[in-house]
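Open the model in your viewer and keep the selection tool at hand.

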Amino acid sequence: MEYGTIERELHIDASPEVVFDVVSSPEHLREWWPDEAEYPAVPGGAGRIGFGDPAQGGVWVQFQVVDAVPPRLFSFRWTHEEGQVPGPGNSFLVVFELEPAGAGTLLRMTESGFRERGWDEAKVAAEHADHVSGWDRYLPQLPPYAAKVGAGA
């Protein structure tokens, strides 16, 4: 099986401008994905995102913005070691591409970088499965949240 890229496509009942804010701003991101998010939403902006309570075994993960082109594209690298410059061999690349679709937005999400990490086949498969499961859990929360933001709720 190929574990190179995870791809998802969602239709969201909100404008590309709203969806861009929801996938790029730390304040919005933590409403549908991580529990915490600390980073400047500009190219090169470095920070971290947190899952769970660190006192209860939660983790902080390194995060760096690659591209921020409102309202069309937001991408970032994540999971690299603290102090490392993120790149193809030490992090995953997530890309959100947005395009107008009627009164809403078509969002294409890809995550790549599994093979580039230099892991053995079992580790690649396990990491890929873990990320598939994670995106399958979190991405469905994005459309209703973005629609609520777009409605001014």
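Select residues 73-78, which make up strand β5 in this predicted model. Of its 6 residues, 5 are buried, so β5 is largely enclosed by the rest of the structure. Buried here means under 20% relative accessible area.

To see one of them, pick Val65 and then Phe76, its bridge partner in β5. Now look at the link between the two strands: β4 and β5 form a hairpin, with 3 residues between them.

Then select residues 92-101, strand β6. β6 and β5 run antiparallel and are joined by 6 bridges. Show Phe74 together with Phe96, its bridge partner in β6.

With the strands on screen, keep one general point in mind. In a regular strand, side chains alternate between the two faces of the sheet.

The last stop is the largest pocket, with a volume of about 410 Å³. Which residues lie nearest its centre? Select Phe51, Val61, Trp78, Asp130 and His131. They belong to a lining of 19 residues. Select α3 by itself: with 7 residues, α3 gives the most to the lining. Finally, colour the lining by class, and expect 9 nonpolar, 6 polar and 4 charged residues.

Key: Residues are numbered from 1 along each chain as its sequence is written. This is a predicted model: local features need pLDDT of at least 70, side-chain atom pairs count only at pLDDT 80 or more; totals for chains, interfaces and linings use all residues. Side-chain values use heavy atoms; hydrogens and water are left out. Buried means under 20% relative accessible area, exposed over 50%, partly exposed in between (1.4 Å probe, protein chains only). Helices (H or I, at least four residues) and strands (E, at least two) are DSSP runs, numbered from the N terminus. Two strands pair if DSSP finds at least two bridges between them. On a 1 Å grid over the protein atoms alone, a cavity is a set of points where a 1.4 Å probe fits but cannot get out, and a pocket is an open set with protein on both sides within 12 Å along at least five of seven lines; lining residues have an atom within 4 Å of a point. Grid points are joined across faces, edges and corners, and a volume is the space filled by probe spheres set on the points. Ala, Val, Leu, Ile, Met, Phe, Trp, Tyr, Cys and Pro count as nonpolar, Asp, Glu, Lys and Arg as charged, and the others, Gly among them, as polar.
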